Amino acid sequence: MDTDVLVVGAGPTGLALATWLARLGVDHLLVDDGDGPTRESRAIVVQARSMEHYAQLGMIDAVRDRTTWVSGLRPGWGRRPAPGVVPLARLMRSQSPFPGAHVLEQSANEALLVQRLTELGSGVRWGHRLLSLTDRGDAVTAELAGPDGPRSVTARWCVGADGSGSLVRREAGIEFVGHTAPQTFFVADADVVTGLEDGRITLRSGTDRFLLTFPLGPGRHRVIGLVGDGDEPGPERARADLAEHFAVELGEVRWFSSYRVHHRLAERFRAGRVLLAGDAAHVHSPVGGQGMNTGLQDAANLAVKLAAVLRGDAGEEHLDHYEQERRPVAQRLVRTTDAVFSRVVSQTPAAVLTRRVLVPWLAPVASVVVGRLPLGRRMAGYVGQLRIHYWMSPQARARSGGRRDPVVGRRLPWTGANHEVLDHLSWQVHGYGPVLPELTGLPRLVTEAHRFDPRPDLGLAPGRWFLVRPDGFVAAAAEPDRVGVHPHPARAGLHRVRPRTALTPAPASLHRLTAVPHPHSRPRPTSQPSPHLHSRPRPAPQPPAHLHSRCSGCEAHIPAVNPPGPHPARTGAHQLALTAVPATSQPPPPSSTAVRSPSQPLQRL
């Protein structure tokens, strides 16, 4: 066996998947037939949920240094922008530490992911083209053509992240169902653009035209429009159309391309030992800036499941839950973007009349009203991919009668401090109240317990404890006196709870952590100061010493929540070295943490 996971395709999805696998300690091989990351801008929007994933991967500072922040969207009709702005950032401010949208060209996303992957001791085998793929039941064999000639690679699993024309998908015999829109679109990246605002998205419609723009920096914009019937797509034709129909003047066009929009979905996301992610599994309209972000979430979800299976914490059937969770998300996205896209560009008399009558009236009203309604916050959450819901199992859906829990099956609601611990990429139990959840009796898969202040408005009430997956989704909840996680929570898919005797306070061998600002950390935009955690023991006659990670640049100490030894850096620019620091006995802090004691070694996930 050459590797555990062969990833084909080093676009954003494949690179993100490899980075997650590296952080989780999974052996993998990433191949791509190119000579390096793309040099084209292509996808450019990084939504709030993807920024949270970048934070978990330890690269958020590098990403934020290069993004253009988008605070809102201004709709309009033809040459007339609406008087108000839909305040995306304000509507997301209480939902994520990264509100609004963040513009970062695909080329920059890929370059930063390659950089992070290299820091983690991995990389990309560039110039390796897949020729064929064979699933042998207990492994897959890939035939590759590389710079040094043909090569055969055997892996336990293969993930196709090789785009909409995926050879992996074809070799696995998976159909790519959907259609291609008849209209032709253009996309242009231009400098010295007039008629548009910096820092805001513009969305305008017309009788037979369409305009969507994203800011790339001062005076620079990505412009997407519809090529008129009979027109030859080209920069000069696009420049004339934009000036005539939308009063937008383009300066120097740095990049121009024309394309047709595809709406397609793979019939399956898994066939035996082959799995699909990103554009290999789903493609759709660029409306909403969702495509690259959906692939990034595919990568996080799949990496966690592959790690659980390869470590023996779950059976191979657990990978079926990847399709059960992610395919409905992609299906809704394809269906929704298709419907919106069709209404915006359709040239049927009914559609043209609707746009001509309703949009000039609706756009100004929506620009002023949406930001003041509860519906606006929900809509912003959907755009930021913060409101995705997974059914943990068909049985869970049946038991609930289809009613979704406000917390379970969703990304952990952000309160500030509770997302700071998610970059440990571990299974955690969270309590929101006076009692620190104990780890005694829980499966060894669960390695951390944390206590935070209650937030009943978000469903994080003192009467429930929550099992949080490494990808930040809440897998289960139970009352403290009835907590009993299934012996193999990852293996079951359905994370069940069962009665158990009432829990007692965590013993002294489980140590509390309290938040202390780290002098080298760049503050994250949270509702509280960004903490690095320092260890303090629970009251005990002889407080023991604990292993900490130490930043060699400032000698500050950060708790080692994983076993001693090489491990991907969890703290961004911090240079890690292990050191023992004696802890002193102090009262329980407002937010605290328990990790398994040295006599109970942690498992890395």
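## Salt bridges, a helix face and a surface patch

Glu119 and Arg116 sit 3 residues apart in helix α5, so about one helical turn separates them. In this predicted model, their side chains meet in a salt bridge, with N and O 3.0 Å apart. An α-helix has 3.6 residues a turn, so residues three or four places apart point the same way. Arg116 counts as buried because its relative accessibility is 3%, under the 20% cut-off.

### Salt bridges elsewhere

The count of salt bridges comes to 25.

| Pair | N to O distance |
|---|---|
| Glu119 and Arg116 | 3.0 Å |
| Glu40 and Arg42 | 3.0 Å |
| Glu105 and Arg220 | 3.5 Å |

Let's begin with the pair Glu40 and Arg42, whose side chains meet in a salt bridge. Glu40 is partly exposed, at a relative accessible area of 34%, and Arg42 is partly exposed too, at 40%.

The salt bridge between Glu105 and Arg220 has its closest N and O atoms 3.5 Å apart. Glu105 belongs to the loop between β7 (101-103) and α5 (106-119), while Arg220 is in strand β16, so this pair ties together parts that are 115 residues apart in sequence. Arg220 has a relative accessible area of 25% and is therefore partly exposed. Which residues do salt bridges with shared partners join into one network? They are Glu105, Asp191, Arg220 and Arg254.

### Helix α7 and its cover

Helix α7 covers residues 235-246, 12 residues in all, and reaches 16 Å from its first C-alpha to its last, close to the 16 Å expected at 1.5 Å a residue. Its buried residues are Ala238, Asp241, Leu242 and Phe246. Viewed down the axis of α7, these buried residues fall within an arc of 100 degrees, so they line one face of the helix. And what covers them? The cover includes the strands β13 (185-190), β14 (200-205), β15 (210-217), β16 (220-226) and β17 (253-259). Just after α7, Ala247 takes a positive phi of about 55 degrees.

On the surface, Val365, Val368, Val369, Leu373, Leu375 and Met379 form a nonpolar patch, and together they have about 450 Å² of accessible area. Leu373 is in the loop between α10 and α11; at 40% relative accessibility, Leu373 counts as partly exposed.

Arg332 is found in helix α9 (residues 320-345). Is Arg332 buried or partly exposed? Its relative accessibility is 30%, so Arg332 counts as partly exposed. Leaving aside neighbours within four places in sequence, Arg332 is in contact with His389 and Arg404.

### The chain as a whole

Stepping back, the protein chain has 13 helices and 31 strands. Of its 605 residues, 57% count as buried. Among contacts with a separation of 6 or more, 70% are between residues 24 or more positions apart. The accessible surface comes to about 24,200 Å², and 54% of this surface belongs to carbon and sulfur atoms.

Terms used
Residues are numbered from 1 along each chain as its sequence is written. This is a predicted model: local features need pLDDT of at least 70, side-chain atom pairs count only at pLDDT 80 or more; totals for chains, interfaces and linings use all residues. Side-chain values use heavy atoms; hydrogens and water are left out. Helices (H or I, at least four residues) and strands (E, at least two) are DSSP runs, numbered from the N terminus. The expected span of a helix is 1.5 Å times one less than its number of residues. Buried means under 20% relative accessible area, exposed over 50%, partly exposed in between (1.4 Å probe, protein chains only). The arc is that of the directions from the helix axis to the C-beta atoms. Contact means heavy atoms within 4.5 Å. Accessible areas come from the Shrake-Rupley method with a 1.4 Å probe; for residues, only the protein chains shown count as cover. Patches are made of residues with over 30% relative accessible area and no salt bridge: like charges are joined within 9 Å, nonpolar side chains (Val, Leu, Ile, Met, Phe, Trp, Tyr) within 5 Å. A salt bridge is a side-chain nitrogen of Lys or Arg within 4 Å of a carboxyl oxygen of Asp or Glu.
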